[in-house]
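Colleague: I would like to go through the labels on this model one at a time. Please set each value against its cut-off.

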Amino acid sequence: MTVHHQSDASMGELVSRLSTEMSSLMRGEVELARLELTEKAKHTGKGAGAFGAAGLVALYGLGVLIAAAILALALVMDAWLAAVLVGVVLLAIAGGVALFGKKQVSEGTPMKPERATENLRRDVEAVKHRHVEDHTPRSTP
């Protein structure tokens, strides 16, 4: 009998130890996940900063190319006229991009799933119609 009691105690100890170790393991895994996400967030932040810096440098590069275009045109016409011509072309490009953007925004609004809403309404109507048909007494000929 004593042997049976000892095996019960050791089983209880094993369950207790397993519970403690599982708890420790879970805490360790959560901490590892937190550290991993923190590290990934740091890399993502650095990457976003690098993209921002690249965009700024590209903007300056574009400005230099615009100045070069004005200087090149100034060889065949007055400098002021070259600058006006390049400015008009840039404004025309900006206008075209703005119209494209406006069209995209208008196609994206209102922000509700219109087709899905219509499909859901039809599905509800079909279910209601089927429910009414199932509960309507049928006359037998």
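Modeller: Take K40 to begin with: K40 is partly exposed, because its relative accessible area is 48%, and the label covers what falls between buried (under 20%) and exposed (over 50%), with a 1.4 Å probe and protein chains only. This is a predicted model, in which local features need pLDDT of at least 70 and side-chain atom pairs count only at pLDDT 80 or more, while totals for chains, interfaces and linings use all residues. Residues are numbered from 1 along each chain as its sequence is written, and side-chain values use heavy atoms, with hydrogens and water left out.

Colleague: What makes E36 and K40 a salt bridge?

Modeller: The N to O distance between their side chains is 3.8 Å. A salt bridge needs a side-chain nitrogen of Lys or Arg within 4 Å of a carboxyl oxygen of Asp or Glu, so the pair qualifies. E36, at 43% relative accessible area, is partly exposed.

Colleague: Where do E36 and K40 lie?

Modeller: Both are in helix α1 (residues 2–73), four residues apart, which is about one turn of the helix. Helices here are DSSP runs of H or I with at least four residues, numbered from the N terminus.

Colleague: Why is K103 called partly exposed, and what is E107 called?

Modeller: K103 has a relative accessible area of 47%, so it is partly exposed. E107 has 53%, and is therefore exposed. The two form a salt bridge, with the closest N and O atoms 3.5 Å apart, and both lie in helix α2, four residues apart.

Colleague: How do you know that R121 and E118 are paired by a salt bridge?

Modeller: Their side chains meet at 2.4 Å, N to O. R121 and E118 are three residues apart in helix α3 (residues 114–135), so about one helical turn separates them. Salt bridges that share partners join E118, R121 and R122 into one network.

Colleague: How many salt bridges does the structure hold?

Modeller: Five.

Colleague: What makes L85, V89, L90, I93 and V97 a nonpolar patch?

Modeller: Patch members have over 30% relative accessible area and no salt bridge; nonpolar side chains (Val, Leu, Ile, Met, Phe, Trp, Tyr) are joined within 5 Å, like charges within 9 Å. V97, in helix α2 (residues 79–108), has 54% and so is exposed. Together the five have about 420 Å² of accessible area, computed by the Shrake-Rupley method with a 1.4 Å probe, where for residues only the protein chains shown count as cover.

Notes: Helices (H or I, at least four residues) and strands (E, at least two) are DSSP runs, numbered from the N terminus.
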